[in-house]
Amino acid sequence: MSAPLLAVEHLTMRFGGLVAIDDLSFEAADKKITAIIGPNGAGKTTVFNCLTGFYKPTVGRLTLSNGATHYLERMEGFRIARAGVARTFQNIRLFPAMSVLENLIVAQHNELMDASFFSLAGLLGLERYRRAEAKAVELARFWLDRMGLIDVADRAAGELPYGDQRRLEIARAMCNKPALLCLDEPAAGLNPRESADLNVMLREIRDRHGIGLLLIEHDMNVVMEISDHIVVLDYGRKIADGAPEAVRNDPAVIRAYLGDDDDDDNDGAGADGAGARGP
Amino acid sequence: MADGAAPARKTSPAVAILREAGLTAAVAFALALPLIGLRGFTRGGAMVVETRFEWLAIAVAVVFVGRLALIGLRHAIPRLRRAVAAPRRVGGHAAGLGSQIERYRVPLGAAALAFVAAMPFMPFADRYIIDVATLVLIYVMLGWGLNIVVGLAGLLDLGYVAFYAVGAYSFALLGTTFDLSFWACLPIAGACAAMFGLLLGYPVLRLRGDYLAIVTLGFGEIVRLVLTNWVAFSGGPNGISGIPRPTLFGLEFKKRVAEGQTFHEFFGIEHAGVHRIIFLYYVILVLALLTNLFVLRIRRLPIGRAWEALREDEVASRALGINPVNTKLSAFALGAMFGGFAGSFFATRSGFISPESFTFIESAIILSIVVLGGMGSQIGVVLAAAAIVLVPEVLREFAEYRMLAFGMAMVLIMIWRPRGLLAHRRPTILLHGRAGGAGGGGQGGP
């Protein structure tokens, strides 16, 4: 059996006395969508920040196996991105003053830098760089087409409506040619139609582009519909791990989402799932 | 006044205006009473207080009338602004002076270039005008250089003059010690300045915004203080004199030289001091244009886009695999290099340099050129540099008021164009060609 695309082993992250993540282990497989869910403050985004090098984990090993083996916990953020982990952010982080197309070209920075010998070939106007740039534009055009952003390609990214910005951020991450795409609440703030489109798109990314997806999401419709595998966190600890069917019936998960009482809240999609299974 | 307003609740505009002006006058009265109304001085060892109530009355009256005038203006300005803005809207959401100039940048640039190239031979061009134009071009070049650091990479650098000084002193020392010519020293001076750029860049990598500004400010002062106090090295406050003048392929601009030919002998023309001035003008023109070409070009290359991405969002840039250390250092080094070039030109132009030429005010002027011009805008830098050099020159007759007027002009620009004269940013690459990009595509989306 070959190694999973991403293996998280005994990940622990402490901030002073606060234990944000406590001995978390899980795996994310290639060509599968793995979702991390949990109540607010469960440590989901912290996992992402450890994975993408924004935090150095206190303890633990994060292994990315895409041909080569990378130990992410030792690497700097920008090297992790080069190794093949791309991410989006909970609160969108585009380059707002730059055009939509430029956002996608910047995502291909490293390839272009290599092609242009650190921009030198471009400075001298060599053919080599022009070809590389044309290729980068082609990839950008593909994703703009896919995301329905082709008409606004030359507008400043910051001027786009919210839903477009979300899709642009995913397109930008894909232009980085990742092996693992980490999406931090991609459906946040989307209307039901946009959210349904997102489902289709994420499946397509998994099936057509053959990469692994790691997803943090609150919208249970999205999570239950598209995930192949779900990891549930509560207070930084893993309380469940498995297929969507198994997770939605897990008593520990229901308790974490609903509390011990039958008090409801708007995150009660876990209960929806349980209710649907009941009769 | 008050009882007229209270019962009706709806005060008539005249009363409201009078009340506002009256209130302002009252504040002025309270402030001016001790400051203007009473004047204390000593006479024969005793303290005497003199009253100047007529002055006080004048001051309060001026404030009252001035306030009325301001209120009038306040009502007039929005109407004026609407009148000015209305036709502008038509061009699309990104319209405005900046995009207007951007649209015609090719013919405008060509015309400006032709004018600048022919300038020294125009009838009005005398020694003074060419000298001032040279000064403008020095600041244009410095502005373009600093634009790399501040405008593109978004790193607020308040110590840019340090690199200018490094360039000037590298050339001055090499030129006077080893008898090297200006052209041989120019690349060395640039390299020295770039090295200092790295030296400054490395410790401040983690800093942003205000913190970065303070450290760079300190760096600029350190360089100046070292140059002032290390007498054995830099001559201290006495500076360095006898710096070699530039030559045109070995032809000197002197009346006669010991060996070889001078410029006027070679071309068989009368010797004139203005030849050297004109030559210097062309040297800085070429240097500045090279800087411009470089910046325009590098903006469209991966490294230039990475600078802008880093300015826009450092976290997102890192998540895309951009190495923030190398990217920032390259911005510091390249920006510094052009500062160094300009510095060695400054040294060869004046023939004498001392630390006095590299005070903080120079950094501030260069930074204001970049900010006034509109961060990242190349044409904006030219306009701002011209304004900043020319306004004090034009106002020279007003002696001590010229800096006041200069400050006023800057305040006004920042009120009316807070993002700089030309704040329009043109994308470095367009998918839909020029038509789609000019007005932002005109909401073509489905």
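At what angle do α7(B) and α15(B) pack, and how far apart are their axes? Keep that in mind while you get set up. This is a predicted model, in which local features need pLDDT of at least 70, side-chain atom pairs count only at pLDDT 80 or more, and totals for chains, interfaces and linings use all residues. Residues are numbered from 1 along each chain as its sequence is written, while chains are lettered from A and ligands numbered from 1 in the order in which they are written.

**Stop 1: α7 and α15 of chain B**

Select residues 161-178 and 324-350 of chain B, which are α7 and α15. Helices here are DSSP runs (H or I, at least four residues), strands are runs of E (at least two), and both are numbered from the N terminus. The answer to the opening question is an angle of about 50°, with the axes of α7(B) and α15(B) 6 Å apart. Axes are lines fitted to C-alpha atoms, for helices over the stretch in contact, and angles run from 0 to 180 degrees between N-to-C directions. α7(B) and α15(B) are therefore oblique to each other; angles under 35 degrees count as roughly parallel, over 145 as roughly antiparallel, 65 to 115 as roughly perpendicular and the rest as oblique.

Turn the view and you will find that α7(B) passes α15(B) in a right-handed crossing. A crossing is right-handed if the near helix is turned clockwise from the far one by less than a right angle, and left-handed if anticlockwise.

Now colour the residues that meet: on α7(B) they include B:F163, B:G167 and B:F171, and on α15(B) they include B:G339, B:G340 and B:G343. Two residues are in contact if their C-beta atoms, placed from the backbone, lie within 7 Å. By class, this contact has twelve nonpolar, seven polar and no charged residues. Ala, Val, Leu, Ile, Met, Phe, Trp, Tyr, Cys and Pro count as nonpolar, Asp, Glu, Lys and Arg as charged, and the others, Gly among them, as polar.

**Stop 2: helix α8 of chain B**

Select residues 182-201 of chain B for helix α8. Its 20 residues reach 27 Å from first C-alpha to last, close to the 28 Å expected at 1.5 Å a residue; the expected span is 1.5 Å times one less than the number of residues. Among the buried residues of α8(B) are B:F182, B:C185, B:F196 and B:L200. A residue is buried if 20 or more other C-beta atoms lie within 10 Å of its own, exposed if 12 or fewer, and partly exposed in between. The buried residues of α8(B) pack against α7, α9 (209-229) and α15 of chain B.

**Stop 3**

Leaving aside neighbours within four places in sequence, B:V295 is in contact with B:W144, B:N147, B:I148 and B:Q378.

**Stop 4: α6 and α17**

Show residues 127-152 and 378-394 of chain B, helices α6 and α17, which pack at about 140° with their axes 9 Å apart. α6(B) and α17(B) are therefore oblique to each other, and α6(B) passes α17(B) in a right-handed crossing. B:W144 and B:N147 of α6(B) and B:Q378 of α17(B) are among the residues making this contact, which divides into 14 nonpolar, three polar and one charged.

**Stop 5: across to chain A**

Zoom out to both chains. The contact between them takes 33 residues from chain A and 34 residues from chain B. On the side of chain A, α2 (77-83), α3 (100-106), α4 (109-115) and α5 (120-123) each give two or more residues.

Finish on A:H10, in strand β1 (residues 6-15) of chain A. A:H10 has a positive phi, near 50°. Most residues other than glycine have a negative phi. With 12 C-beta neighbours inside 10 Å, A:H10 counts as exposed.
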